[in-house]
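Subject: Handing over the structure

Hi,

Here is the structure I promised to pass on to you. Have a look at it first, and then read on for what turned up.

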Amino acid sequence: MTPAVPTAPPALLRTAAELDALARPAGAERAVVMTMGALHEGHASLIRAARAAAGADGQVVVTVFVNPLQFGEAADLDRYPRTLDADLEIAGAAGADAVFAPGVDEVYPGGEPQVRITAGPMGERLEGAARPGHFDGMLTVVAKLLHLTRPDEAFYGQKDAQQLALIRRMARDLNFGVRITGVPTVRDPDGLALSSRNRFLSAEERRTALALPRALFAARDRLAAQQALHERARATAPGGDRAAGLNRLGEVRAAADAQAVALVRPGGAPAAVRAAARLILDEAAGRGRPPLALDYLALIDPADFTEIPDDRESGEAILAVAARVGDTRLIDNIPLTFGALT
């Protein structure tokens, strides 16, 4: 049964003292969703997940704080949208009991903190390389907000995959007594991942930006087709003779032979995934109007965000992409599972 959604508007809390005074239901859990505001359906899905986990008797707290430590340039910080009134409506409709929206002076009294959480090598890759110091600032404020809100469970979007991985690592390595839960990415009907930055895209820029999800979906489909072909070949030649198996399937016709054999041999999957995504991104970079400026395309291990080697035959992976369209930088990713290609 779906837990009852609070009918009253969420309480707006501005200070740590107000948050500390928020009554916590006896015997029930508190769930938290951390945001920087400018809420959209992606954030609403996080709040609904938190509501479902906490239950009708539990408590859901949403934080709204634009963290200056996460921004490398003052112009980016100033440009970030602030829409608190609309945020309160969205949070309340999705099931939040309270919204904690402190000012900078409340979170960092006396100025920027002298002691911070360091993301380490994992935070220096991909987004960390593109935005130096970003993850140190993110982990610092997440640690503070976890201490302030004291939740049993905290919810974060899988769209920010590296952020989620680092928060999980911090909670585990530093013994935070909280469950960290990821929630799948929410997309618009055209496939674009929901983001507060999408509002900055013109119609033409959005068309170019659609290359990001198209590239990810093409890679996912290539992997599925490759693994299906492998399974068909193995089923037809259980003794392990791939060539004989493919022959029986009719896959060794002149045009298909090289491609099919390459796709089913061990070590072919990571390269095929990267190539399928790269093809679409390169087209958007060369023919898009405006063109897409690719920052990175990376197939990474979710445990530490290192690149997956081409000889990886099984296990979990994340295909991540970042690019700039016009003045707007976008990120997206998709989880993948490699089968045992033996």
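Asn175 is exposed, because its relative accessible area of 67% is over the 50% cut-off. Please keep in mind throughout that this is a predicted model. Asn175 sits in the loop between α8 and β6 (179-183), and its phi is positive, at about 55°, although the residue is not a glycine. For context, most residues other than glycine have a negative phi, and most peptide bonds are trans.

Phe305 also has a positive phi without being a glycine, with a value near 65°. Phe305 is in the loop between β7 and β8. Is Phe305 buried or exposed? Phe305 counts as buried, since its relative accessible area of 3% falls under 20%.

The backbone has a cis peptide bond too, joining Arg289 and Pro290, with omega at about 5°. Pro290 belongs to the loop between α13 (268-287) and β7.

On to the core. Phe305 comes up again here: along with Val142, Leu146, Tyr156 and Ile180, it is among the residues with the most contacts inside the largest nonpolar core, which has 43 residues. Several elements give two or more residues to this core: the helices α7 (134-149) and α8 (161-173), and the strands β2 (30-35), β4 (98-100), β5 (153-157), β7 (292-300) and β8 (315-325). Helix α7 provides the largest share, eight residues. As a general point, nonpolar side chains tend to be buried together in soluble globular proteins.

Next, the empty space. Rolling a probe the size of a water molecule over the atoms shows where such space is left. How many cavities of 30 Å³ or more are there? The count comes to one, and the space in this largest cavity is about 50 Å³. Its lining is made up of Lys159, Leu192, Ala193, Ser195, Asn198, Leu212, Leu330, Ile331 and Asp332. Strand β9 (residues 328-338) gives the most to that lining, with three residues. Sorted by class, the lining of the largest cavity has five nonpolar residues, two polar ones and two charged ones.

Elements α8, β8 and β9 each give two or more residues to its lining, and the largest share, six residues, comes from α8. The lining has 16 residues in total, and those nearest the centre of the pocket are Ala161, Leu164, Arg168, Pro302 and Ile318. By class, the lining of this pocket divides into ten nonpolar, four charged and two polar residues.

The UniProt record, an unreviewed entry, lists His43 under "active site". In the model, His43 lies in helix α2 (residues 41-54). His43 is buried, because its relative accessible area of 13% is under 20%. Leaving aside residues up to four places away in sequence, His43 touches Thr35, Gly37, Ala38 and Ser196.

Glu127 is part of helix α6 (residues 127-130). With a relative accessible area of 6%, Glu127 is under the 20% limit and therefore buried. What does Glu127 touch, not counting residues up to four places away in sequence? Its contacts are Phe135, Gln162, Tyr296, Ala322, Arg329 and Ile331. Ile331 is also one of the residues that line the largest cavity.

Arg214 is in helix α10 (residues 211-236).

Best wishes

Terms used. Residues are numbered from 1 along each chain as its sequence is written. This is a predicted model: local features need pLDDT of at least 70, side-chain atom pairs count only at pLDDT 80 or more; totals for chains, interfaces and linings use all residues. Side-chain values use heavy atoms; hydrogens and water are left out. On a 1 Å grid over the protein atoms alone, a cavity is a set of points where a 1.4 Å probe fits but cannot get out, and a pocket is an open set with protein on both sides within 12 Å along at least five of seven lines; lining residues have an atom within 4 Å of a point. Grid points are joined across faces, edges and corners, and a volume is the space filled by probe spheres set on the points. Helices (H or I, at least four residues) and strands (E, at least two) are DSSP runs, numbered from the N terminus. Ala, Val, Leu, Ile, Met, Phe, Trp, Tyr, Cys and Pro count as nonpolar, Asp, Glu, Lys and Arg as charged, and the others, Gly among them, as polar. UniProt positions are given in the numbering used here, feature names are shortened, and annotations may be inferred rather than shown by experiment. Buried means under 20% relative accessible area, exposed over 50%, partly exposed in between (1.4 Å probe, protein chains only). Contact means heavy atoms within 4.5 Å. A nonpolar core is a set of buried Ala, Val, Leu, Ile, Met, Phe, Trp, Tyr and Cys residues joined through side-chain atoms within 4.5 Å.
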